[in-house]
Amino acid sequence: SCVFDAADVNIQTMDNDVFSELALLLRVQPELQQICLFGAQWSSPHEPEREGWAPFHIVTQGACLIDVGDQVGLRLEEGDVAVLPHGGRHTTRALSGAMGTSSGLRVQTRANDHLVVKSNVDGEPDTKLICGRLIFEHAKHNLVLAALPSVVIMKTGADRDAMLMREIVEAIRFELESDRLAAAAVACSLANTLMMIVLRSHFEREHEAKGVLGLLQGRQTARA
């Protein structure tokens with residue numbers, strides 16, 4: 001896994017031209033699927049995705065845990081974004097000390113788009129998530145995608161990328177909660193930008209990585 005605080009990133013960027021070329025291989029199309037409003041003790045398992053599909057979770061309120069393979073209890077807080085580049089089986093769930101009473105899971109569709117709203121509480125939820133998935137346009141035999149870990153988590157912080165990320169997350173939340181015409185389309189476009197920021201920050205953070213990821217960060221080797 002790669003879990004880091006964006007405020008702690010010591011940026012040693014790869015050549016801008018190289019990243020622009022890598023960005024073509026990381027081009028994604030997001031699909032927003034669910035708005036989750038959870039309280040008390042809850043658990044939401046997710047089955048593996050098809051090749052090229054990468055689920056993501058954006059926490060817009062509260063906090064939760066995510067289990068990915070043998071990595072159990074990775075904490076996500078308000079503003080954090082988790083992406084699973086290889087679409088592996090995972091579970092999002094409540095914090096261990098969550099209190100309150102669940103009223104049973106309810107699933108509703110929205111009037112102006114295809115999003116599904118899931119809720120297990122009658123009042124204000126403890127945790128709100130926006131869930132969806134990315135399709136990598138060049139997934140097959142993509143070494144950039146192959147070099148990414150099973151989960152990439154971008155934490156909120158005080159640096160420029162983190163502040164920009166918070167603004168985008170807030171804009172996505174505002175659009176979806178307003179439930180206006182084309183709200184999901186606007187939010188989806190914003191999510192595309194958000195995911196590129198998350199992936200860029202991951203590559204900047206891992207500038208000393210070895211193996212394929214290290215080769216992808218050199219001008220000549222990346223182009224090869």
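**Exercise 1.** How many of the ten residues of strand E11 (residues 127–136) are buried?

*Solution.* The structure is a predicted model, in which local features need pLDDT of at least 70, side-chain atom pairs count only at pLDDT 80 or more, and totals for chains, interfaces and linings use all residues. Residues are numbered from 1 along each chain as its sequence is written, and side-chain values use heavy atoms, without hydrogens and water.

Step 1. Strands are DSSP runs of E with at least two residues, numbered from the N terminus. Buried means under 20% relative accessible area, with a 1.4 Å probe and protein chains only.

Step 2. Nine of the ten residues of E11 are buried, so this strand is largely enclosed by the rest of the structure.

**Exercise 2.** Determine which bridges join E11 to E2 and to E4.

*Solution.* Step 1. Two strands pair if DSSP finds at least two bridges between them.

Step 2. Strand E2 (residues 28–38) runs antiparallel to E11 and is joined to it by ten bridges; among them, Pro30 has Leu134 of E11 as its partner.

Step 3. Strand E4 (residues 53–61) is also antiparallel to E11, with eight bridges, and His57 stands opposite Cys131 in E11.

**Exercise 3.** Describe the open sheet that contains E5 and E6.

*Solution.* Step 1. Its four strands follow the order E3-E8-E5-E6 with antiparallel pairing.

Step 2. E3 (43–46) and E6 (71–77) are the edge strands, each with a single partner strand, so one side of each lacks a neighbour in the sheet.

Step 3. Five bridges link E5 (residues 63–68) to E6, where Leu74 is the bridge partner of Ile66.

Methods: Buried means under 20% relative accessible area, exposed over 50%, partly exposed in between (1.4 Å probe, protein chains only).
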